[in-house]
Amino acid sequence: MKEYQLRSLPVSAAFDELVAILGSPALAAVYWAKGLQNKKQISEFTNSFDLLPADELHDLVSFGKLFLRHYQSAQKKIVVYGDYDADGAVAATILWRFLYRILGITDATVYIPDRREEGYGLNKEALLQLAQKGTSLVITVDCGVRDSDLIAEVTEKTGMEIVVTDHHQPSDNFPHCVSVHPLYPAHESKNRFTSGGVVAWKVVRYLEDLLHKSHEFSDSVVDLVGLSLITDIMPLVGENRSILKRALQKAKTNPSLGLRVLMEQAQIRQDEVSPYHFGYMIGPRLNASGRIGDHYLSTKLLSTDSPDAAKEYARQVSEINEQRQQMTQDLLERADAEKLIIENKVQIAAGFDWEEGIVGLVAGKLMNKHDLPTIVVSKNQEKQSAKGSARSFGELNITALFEQIASVFTRFGGHHSAAGFTLKDGSEQPLISALRSILHSNYESYVPKAVRTIDAYISPDILTETFFEGLGALEPFGPENAEPLFAVGGKVEQFGTIGKQNNHIKLELATEKGAITVLLFGRLDLLKELDQGKEVIVVGKPKREEFRGAMQITLIGETILPAEWDLVKA
């Protein structure tokens, strides 16, 4: 279920001073909640572009020594072993381009596993084949941290060295090889939760320093690094925020070739590109090819120096993405009809021959629709196999939950909010039984609850240029730096549906301090809450944009609450 809470305002001289600085109690409430409670804190947050030292990531020094040994060898065949999603494509691209283009290692290649045939993580047969081809060093990006036993077996059998660079949640069985990871046991990074693209980028920056090169190359691909942070939904605070600010600056002024053609394909104005475009328009295109198409396509797109090739690759990933969108909608309807709710805490849906590449997307959409952590399983009757994806939110760490029922999986891995897995049996029934047992015994008090906190009430008269500048200074928004959410109370003057399919709502809301236009996208279910003259509370985010030479202010609504609704303080 979804709950809305109103954040309580502090009563203190410090808060009053913050109101004086920002010119608005509503704006002050937003800053205060983010821990920005004086001029110094505000300046540090809004102006910082600082990065942690590259060698702050543990094991980079060991990696540097190992890499130099291979780099200085006459026979150096190095493979970057990546992943098939956008973060994996970015990470593989950054490291490979540095090895091949900058260091001139012509025998450096990329290996991207096939999602359907090989699944997530390192694949034993693939590694053995790489060894047979004379590979001396494999450097993983965005994968490998949960493959300790496999790495040990392959290195012992072949003598091929493997280095892990990853960011996923490790198990207790951490790899014994050189491993660059922000959660390295007893040596955690100050930036504990970041993307695989960031880890690969830091590896490159360390090598630039080690080899006495400038940061010209790593600076030139920072826009791709920022893209990986958004597509993998990483916290946008601290160093991640600094990297994303650099990335957006680069994307707006001189984007990498692959990103530029993707923006052209998606009809995104270069000077307006934002985290929204990264997450909802560019990222899905890069992810689509790994889900249902050529699993190398996104890496080719980001790696090529040919404008013509880049445009063709961008056209192909966009076409695949359109197919993916329709497939996702079709499977969402099937999964929704067949889902099973376990202990009122988790929902699971399973079916035969569901496209493995989109079950994660379906899990996310089902979760958002029903506000329940969700697992979706695709079964293959011929192979007697079952693979799936899970999505979670709030308190429930889905990967930690899976750790407690690890016996039902052949392999699994992920983050707090997302995981992928392969089941030991070609059936979801052992998983259901294990979930029912563990949820009943260890999660009795857990109640799935999506809580949305409203920062403050606002009225149209405070939506000035100064107000929007104050909000803009907090960008980019994302996990752990959420975009502020506001409430506006007023009377519905008029309303109706808009859009080509009439699937959006537009209404005019009259308040005591002026009127405001509200847009509710895809929320036809809220029509029943509207009547002309009715008092309501609209929850949403104010936006200001230029239209035909004039500035227009609208509220992008999220939901409508009754005027008498008792807002519970957070």
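Over the ring of which residue does the charged end of Lys-379 sit? The ring belongs to Phe-352, and the charged end of Lys-379 lies 4.3 Å from its centre. This is a predicted model, and the values that follow are computed from it. The charged end of Lys-245 sits over the ring of Phe-49, at 4.5 Å from the ring centre.

Rings also meet rings. A pair of aromatic rings is described by the distance of the centres and the angle of the planes. The structure holds 15 aromatic pairs. Take Tyr-81 and Tyr-111. Their ring centres are 5.1 Å apart, the planes make 40°, and the pair is tilted. Tyr-81 belongs to strand S2 (residues 78-81) and Tyr-111 to strand S3 (residues 108-111). The two are 30 residues apart, so this pair links distant parts of the chain. Both tyrosines, Tyr-81 and Tyr-111, are buried.

Phe-402 and Phe-421 give another geometry. Their centres lie 5.6 Å apart with the planes at 90°, so the pair is edge-to-face. An angle over 60 degrees is what that class requires. Phe-402 sits in helix H18 (residues 398-403), while Phe-421 sits in strand S12 (residues 418-423). The pair therefore ties together parts that are 19 residues apart in sequence. Phe-402 and Phe-421 are both buried. They also belong to one aromatic cluster, made up of Phe-402, Phe-409, Phe-412 and Phe-421.

Now turn to helix packing. The axes of helix H2 (residues 25-33) and helix H20 (residues 465-472) come within 10 Å and cross at roughly 5°. That makes H2 roughly parallel to H20, because angles under 35 degrees count as such. H2 brings Ala-26, Leu-27 and Tyr-31 to the contact, and H20 brings Thr-466, Phe-467, Gly-470 and Leu-471. By class, five residues of this H2 contact with H20 are nonpolar, two are polar and none is charged.

Helices H13 (residues 257-265) and H14 (residues 275-292) pack at about 110°, with their axes 10 Å apart. H13 and H14 are therefore roughly perpendicular to each other, since that class covers 65 to 115 degrees. From H13 come Leu-259, Leu-262, Met-263 and Gln-265. They meet Phe-278, Ile-282, Arg-285 and Leu-286 of H14. The contact of H13 with H14 counts six nonpolar residues, one polar and one charged.

How many of the residues of helix H11 (residues 222-231) are buried? Ten of its ten residues are, and the helix is mostly covered. Among the buried residues of H11 are Val-222, Leu-224, Val-225, Leu-227, Leu-229 and Ile-230. Asp-223, Ser-228 and Thr-231 are also in that buried list.

Most residues other than glycine have a negative phi, and most peptide bonds are trans. Ile-233, which follows H11, has a positive phi near 55°. This residue lies in the loop between H11 and helix H12 (238-253). Its relative accessible area is 61%, so Ile-233 is exposed, the cut-off being over 50%.

His-212 also has a positive phi, near 60°, and is a residue other than glycine. Its place is the loop between helix H9 (196-210) and helix H10 (216-220). With 75% relative accessibility, His-212 counts as exposed.

The bond from Glu-475 to Pro-476 is cis, with omega near 0°. Pro-476 lies in the loop between H20 and strand S15 (486-498). H20 is the helix whose axis comes within 10 Å of that of H2.

Is Glu-356 buried or exposed? Its relative accessible area is 18%, so Glu-356 is buried, given a limit of under 20%. This glutamate lies in the loop between strand S8 (346-352) and helix H17 (359-370). Leaving aside neighbours within four places in sequence, Glu-356 is in contact with Arg-115, Arg-116, Ser-378 and Lys-387.

Terms used
Residues numbered from 1 in each chain as written. Predicted model: local features only at pLDDT ≥ 70, side-chain atom pairs only at ≥ 80, totals over all residues. Heavy atoms only, no water. Axes fitted to C-alpha atoms, helices over the stretch in contact; angles between N-to-C directions. Helix = DSSP H or I, 4+ residues; strand = E, 2+ residues; numbered from the N terminus. Parallel < 35°, antiparallel > 145°, perpendicular 65-115°, else oblique. Contact = heavy atoms within 4.5 Å. Nonpolar A, V, L, I, M, F, W, Y, C, P; charged D, E, K, R; others polar. Phe/Tyr/Trp six-rings, centres within 6.5 Å; stacked < 30°, edge-to-face > 60°. Buried < 20%, exposed > 50% of the residue type's maximum accessible area, 1.4 Å probe, protein only. Lys NZ or Arg CZ within 6 Å of the ring centre and 35° of its normal.
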